Amino acid sequence: MNSKISKDLFEKSKTCILGGVNSPVRAFQAVNRTPVFIERAKGSKIYDVDGNEYIDYVCSWGPCILGHCEKGVIEAVQKACENGLTFGAPTKNEYILAKLIRELIPSMEMTRLVSSGTEAVMSAIRVARGYTNRDMIVKFRGCYHGHSDGLLVKAGSGALTQSVPDSKGVPADYTKNTLIADYNNEKSVEDLFEKYGDTIAAIIVEPVAANMGVVLPKNGFLQYLRNITTKYNSLLIFDEVITGFRLSIGGAQEYYGVIPDLTTLGKIVGGGMPVGAYGGKKEIMDMVAPIGPVYQAGTLSGNPIATAAGISTLTTLKNNPDIYNKIELQTNKLAKAAKDRFGDQVSVNHIGSLMSIFFTNQEVVDFDSAMTSDTENFAKYFGYMLDHGIYQAPSQYEAMFISNAHSDEDIEKTCEIIRNYTQIEG
Ligand SMILES: *Cc1c(COP(=O)(O)O)cnc(C)c1O
């Protein structure tokens, strides 16, 4: 694989962009490689500046569920561009997208559009605090909810110890209201509620965790969260930035039949453009300005080009429900190939079109078990796959995303490359 131009661009970028990238994972640091710079993409394929072609299982970290450059999306964006890029005033597209969101995810009776998942989550938490008049929130170890200050937290030694920031630059005061529980561990949640129940505004959770690798909720776990938040008059927030419109057209809440009070969206909702959304029960959302006292705003929120891409993507998904069966079947084939090749050396978690191959012989059900993965082995596997034209997330702890553009041929080719892998024993 020739990567001369990518390497040169990376060096140049490093002189004026921190680490050469605008989001840290793109630097390929965790896999001991330098990033490939992308020139274009089409369908299931992505092409770098050196002319290498890859089958893409990153799909921009989820948004491109229809594949790259999907005709309808591109045409919608082109058409929208002709009328101007931004007005800072309400447009019809915003109404159409919000109505579509409510049709597909009925618990989002009222929605506010923003420009990223980070912004959606940050705003939903502010609303939850405003509505309940409480400050504490519960988040789970290994769940990611964007990079806002209060959510960059890892747990101390035990679930009940004070939270400490996960990043330099976050004042400890900003995270003191963030309590940490263990994913799939009901007892850890119960302990927090017994101690702090009256002051907990909300639980925020990725209903399927997909930022420590893909980790499925145990049977009954989400329902347990629904019950305990109801019991304590706290709110349940589903961060569906990844699962929304991916696990099913109605997201994880439809898939599992557990309905949160507030939902956050990102990634697919913008169809590849910067869109986030948060919403929920009208009574709760009525807290937001200009109706209520919780302030939240955005110069480019509901941008007409971005909403055009979102509307087109969601409409295509809505009109072609068979897409979900197809991408799940393709994912199952990849999971089987990995199991056939690696057996007990790996733990393969997958659901719908999300999948992770953990290089550990333990079952991965939470943060601790995910951390037993051999990241060096993953790095070798990643390098082999990349060199054979398979583009995957450059980290053990990210999901693989399968799109509707992945053909039987793409999948079979990928399975074949997995089956031919020989390095792990070494
Ligand atoms: C990606 C992600 C976010 C953050 O979204 P950005 O658009 O990157 O700000 C939040 N929550 C989850 C679950 C995510 O996967």
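A residue is counted as near a molecule when one of its heavy atoms lies within 4 Å of it. With that in mind, I shall begin at the ligand. The residues around the ligand are S116, G117, T118, Y144, H145, G146, E206, N211, D239, V241, I242 and K267.

Before going further, a word on the source. This is a predicted model, in which local features need pLDDT of at least 70 and side-chain atom pairs count only at pLDDT 80 or more, while totals for chains, interfaces and linings use all residues. Residues are numbered from 1 along each chain as its sequence is written, and side-chain values use heavy atoms, with hydrogens and water left out.

A ligand nitrogen lies 2.7 Å from an N or O atom in the side chain of D239. A ligand oxygen is 2.9 Å from a polar backbone atom of G117, and an oxygen of the ligand is 3.1 Å from an N or O atom in the side chain of N211.

K267 is among the residues around the ligand. For K267, an unreviewed UniProt entry lists "modified residue: N6-(pyridoxal phosphate)lysine"; UniProt positions follow the numbering used here, feature names are shortened, and annotations may be inferred rather than shown by experiment. K267 sits in the loop between β11 (262-265) and β12 (276-280). Helices (H or I, at least four residues) and strands (E, at least two) are DSSP runs, numbered from the N terminus. Leaving aside residues up to four places away in sequence, K267 touches W61, P63, V241, I242, G272 and V275, where contact means heavy atoms within 4.5 Å.

Next, helix α6. Which residues of α6 (residues 186-196) are buried? They are S188, V189, L192 and F193. These residues lie on the same side of α6, because they cover an arc of only 135 degrees around the axis; the arc is that of the directions from the helix axis to the C-beta atoms. As a general point, an α-helix has 3.6 residues a turn, so residues three or four places apart point the same way. The buried residues of α6 pack against β5 (136-140), β8 (178-181), β9 (200-205) and α7 (221-231). The face turned away from that buried side carries the exposed residues K187, E194 and K195. At the N-terminal end, N185 caps α6, with a side-chain oxygen 3.1 Å from the backbone nitrogen of K187.

I close with the backbone. Most residues other than glycine have a negative phi, and most peptide bonds are trans. N133, in the loop between α4 (117-132) and β5, has a positive phi of about 55 degrees although it is not a glycine. N133 is exposed, at 71% relative accessibility. N233, in the loop between α7 and β10 (235-239), also has a positive phi, near 55 degrees. N233 is exposed, with a relative accessible area of 57%. Finally, the peptide bond from A289 to P290 is cis, with omega near 10 degrees, and P290 lies in the loop between α9 (282-285) and α10 (304-319).

Definitions and conventions
Buried < 20%, exposed > 50% of the residue type's maximum accessible area, 1.4 Å probe, protein only. Polar contact = N/O pair within 3.5 Å; in protein donor to acceptor, adjacent residues only side chain to side chain.
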